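Let's walk through this protein model together, one contact at a time. Keep the picture open as you read.

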Amino acid sequence: FDPGLFVSFLLFIVLLICSALISGSEVAFFSLFLNQIEILKEERKESSRLIISLLERPASLLATILISNNFVNVSIVMVSGPILERVLPVEQCIAWALQLQQYSGNVQFSPEAWGRGFHFALTVIGVTFLLVLMGEIMPKIYARLNIIPLARYMAKPLTILRSFFKPIVS
């Protein structure tokens, strides 16, 4: 058991969930129909009030969502590097390249370069796949089917994020 790896993996999962929620909130907020907005305006719930407040400045809301999602996605990439290095070390990829070179009889390529290249490609493709599927596609499908519940759930966090990123959003 490696506590550092566990904490990194836990942070990765939390960041992926944050990415999914923020990404889904974009669809939820910008898919609200006029009649849904009118119903929210008549309600006395805090979440309804926050949704209306956020929608009053749609450009600011969109900028907040995009900046927040980019921040989280960059954090995911930064956290995933050390995780993948521990789970699949570069040395293992170099060893695979050495075996490939021995079996093929081809001495033209550098096992070190091929191993590092393979590790990099695997890292980029793996993290990109997870981000696109779990942080973009699935949350947007979910949001399209659960517009108001997701908008209610994300109203307070987005209000806080809008305040936090106000200098950048402006």
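A residue is called buried under 20% relative accessible area, exposed over 50%, and partly exposed in between, using a 1.4 Å probe and protein chains only. Glu-136 is partly exposed, at 21%. This is a predicted model, where local features need pLDDT of at least 70 and side-chain atom pairs count only at pLDDT 80 or more, while totals for chains, interfaces and linings use all residues. Residues are numbered from 1 along each chain as its sequence is written, and side-chain values use heavy atoms, with hydrogens and water left out.

Now find the partner of Glu-136. Its side chain forms a salt bridge with Lys-140, with the closest N and O atoms 3.2 Å apart; a salt bridge is a side-chain nitrogen of Lys or Arg within 4 Å of a carboxyl oxygen of Asp or Glu. Both residues lie in helix H6, four residues apart, about one turn of the helix. Helices here are DSSP runs (H or I, at least four residues), numbered from the N terminus. An α-helix has 3.6 residues a turn, so residues three or four places apart point the same way.

Lys-140 also meets Glu-26 in a salt bridge of 3.8 Å, N to O. This pair links distant parts of the chain, with Lys-140 in helix H6 and Glu-26 in helix H1, 114 residues apart. Together, Glu-26, Glu-136 and Lys-140 are linked in a network of salt bridges.

Next, look at Asp-2, which forms a salt bridge with Arg-86 at 3.4 Å between the closest N and O atoms. Asp-2 lies in the segment before H1 and Arg-86 in helix H4, so this pair ties together parts 84 residues apart in sequence.

Definitions and conventions
Helix = DSSP H or I, 4+ residues; strand = E, 2+ residues; numbered from the N terminus.
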